[in-house]
Amino acid sequence: MNAGAMVEVVLPGRVEPEGLEVRQVRAVPAPGPGEVVIRMEATGVSFAEQQMRRGRYYDQPPFPFVPGYDMVGTVAATGDGVGADLVGIRVAALLKVGGWASHVVVDAADVVPVPDGIGAAEAETVVINGITAWQMLHRKARIRAGQTVLVHGANGGVGSVLVQLAQAAGAKVIGTASARHHAALRERGVTPIDYRTEDIPARIRELAPRGVDAVFDHVGGRGIVDSWRLLAPGGTLVSYGSASTRDDEGSKQWPVLKLLGRVWLWNALPNHRHAYFFNVWAGRALSRSRFQARLRADLTEVFEALRRGDITAQIAAELPLTRVAEAMRLAESGTVAGKVVLHA
């Protein structure tokens with residue numbers, strides 16, 4: 001490969017993982033005014049990319065495009081108006097698309113420095129997963145010590161961070177996961193429930209007779225109604241996905257619109273409970289500077305929690321970008337805990 005070349009992964013359409021195209025681009029792009037070029041050190045496979053390859057992510061761009069929701073890397077070049085002292089600094093960026101490339105151009109205001117002592121792959125596991133978990137827990141549910149929360153998919157990328165942040169806040173955690181993950185969850189102090197074989201509502205009523213103070217639900221579908229009913233008075237439901245409809249056909253917007261409709265209806269009821277559909281990009285269109293400041297503040301908190309040991313990086317596997325099909329298959333298998341990370 002040429003020293004001045006870059007590699008990127010293109011999603012050409014609705015394809016199987018093997019249909020992802022690894023392309024060599026002739027030259028690394030130059031940064032424009034206010035931009036930086038980041039040499040990617042770690043990016044990852046999240047649920048968003050799994051939906052995108054099926055054409056099921058509700059606001060994905062038209063095919064073809066380069067996926068990659070987030071990334072960590074070193075600033076390689078800066079554009080006009082950006083201090084040259086950023087060159088050589090390790091940073092993280094939330095992108096939605098574009099991260100599956102050896103070099104990425106990003107607005108300088110969108111990057112967040114990664115503290116010394118945190119490796120690129122470690123940091124990558126808590127960019128989109130960590131910011132999602134932190135904001136749901138502290139900005140939406142506002143969890144306090146002594147409360148009880150239910151985390152669906154407690155072994156997953158977001159779920160595993162949620163579990164640890166909730167425990168760091170002093171909350172008791174109940175987590176759903178398949179049986180193979182129960183031993184690891186118990187070691188973390190989580191009370192596990194097998195979503196495949198157990199009656200989740202009945203088990204929750206045994207563990208928390210008055211209900212739970214918060215439910216974090218990425219599954220959606222019919223089960224979201226159970227999540228709402230499991231709340232204690234004053235409790236909060238945070239819905240942040242619709243994994244149960246991943247393989248459905250038809251409109252990709254409909255599952256989200258249906259969730260939004262339920263949330264609106266539940267919040268209109270006089271029952272002192274709250275429901276949210278969490279979108280990490282909320283507010284960006286109204287005030288980009290406010291969005292950037294909030295993202296920087298919250299991701300810095302997440303990195304500090306990682307450095308303190310309140311949360312640990314759960315790396316399911318590390319694979320080179322050129323083995324992206326294998327990485328996607330692994331992430332979709334449901335057999336791993338944590339995040340599948342790609343490196344240049």
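Student: Which elements make the right-handed β-α-β unit?
Tutor: S14, helix H10 (residues 324–332) and S15 make that right-handed unit. Right-handed here says that, with the strands pointing away from the viewer, the path from the first strand over the helix to the second runs clockwise. Helices (H or I, at least four residues) and strands (E, at least two) are DSSP runs, numbered from the N terminus. This is a predicted model, in which local features need pLDDT of at least 70 and side-chain atom pairs count only at pLDDT 80 or more, while totals for chains, interfaces and linings use all residues. Residues are numbered from 1 along each chain as its sequence is written, and side-chain values use heavy atoms, with hydrogens and water left out.

Student: How many bridges join S14 to S15?
Tutor: Five bridges link strand S14 (residues 315–320) to S15, and the two run parallel. Leu319 stands opposite Leu342 in S15. Strands count as paired if DSSP finds at least two bridges between them.

Student: And how does S3 run to S15, parallel or antiparallel?
Tutor: Antiparallel: strand S3 (residues 35–45) is joined to S15 by three bridges. Val45 has Val340 of S15 as its bridge partner.

Student: Why is S15 called largely enclosed?
Tutor: Four of the five residues of S15 (residues 339–343) are buried, so the rest of the structure largely encloses this strand. Buried is under 20% relative accessible area, exposed is over 50%, and partly exposed is in between (1.4 Å probe, protein chains only).

Student: New topic, aromatics. How many aromatic pairs are there?
Tutor: The count comes to six aromatic pairs. Rings of Phe, Tyr and Trp (its six-membered ring) pair if their centres lie within 6.5 Å; planes under 30 degrees apart are stacked, over 60 edge-to-face, and the rest tilted. One of the pairs is Tyr69 with Trp281: their ring centres are 6.1 Å apart and their planes at 50 degrees, so this pair is tilted.

Student: Where do Tyr69 and Trp281 lie?
Tutor: Tyr69 is in the loop between helix H1 (47–52) and strand S4 (70–78), and Trp281 is in the loop between strand S13 (274–277) and helix H9 (288–308), so the pair ties together parts that are 212 residues apart in sequence. Tyr69 is buried at 4% relative accessible area, and Trp281 counts as buried at 11%.

Student: What about Trp228 and Trp266, stacked or tilted?
Tutor: Stacked, with 4.9 Å centre to centre and 5 degrees between the planes. Trp228 belongs to helix H7 (residues 223–229) and Trp266 to helix H8 (residues 254–268), so the pair ties together parts 38 residues apart in sequence. Both tryptophans, Trp228 and Trp266, are buried.

Student: Over to helices. At what angle do H3 and H9 cross?
Tutor: The axes of helix H3 (residues 128–140) and H9 cross at roughly 100 degrees and come within 9 Å. Axes are lines fitted to C-alpha atoms, for helices over the stretch in contact, and angles run from 0 to 180 degrees between N-to-C directions. H3 and H9 are therefore roughly perpendicular; that label covers 65 to 115 degrees, with under 35 roughly parallel, over 145 roughly antiparallel and the rest oblique.

Student: Which residues does Thr132 touch, leaving aside neighbours within four places in sequence?
Tutor: Thr132 is in contact (heavy atoms within 4.5 Å) with Val158, Tyr240 and Phe278. Thr132 sits in helix H3 and is buried at 7% relative accessibility.
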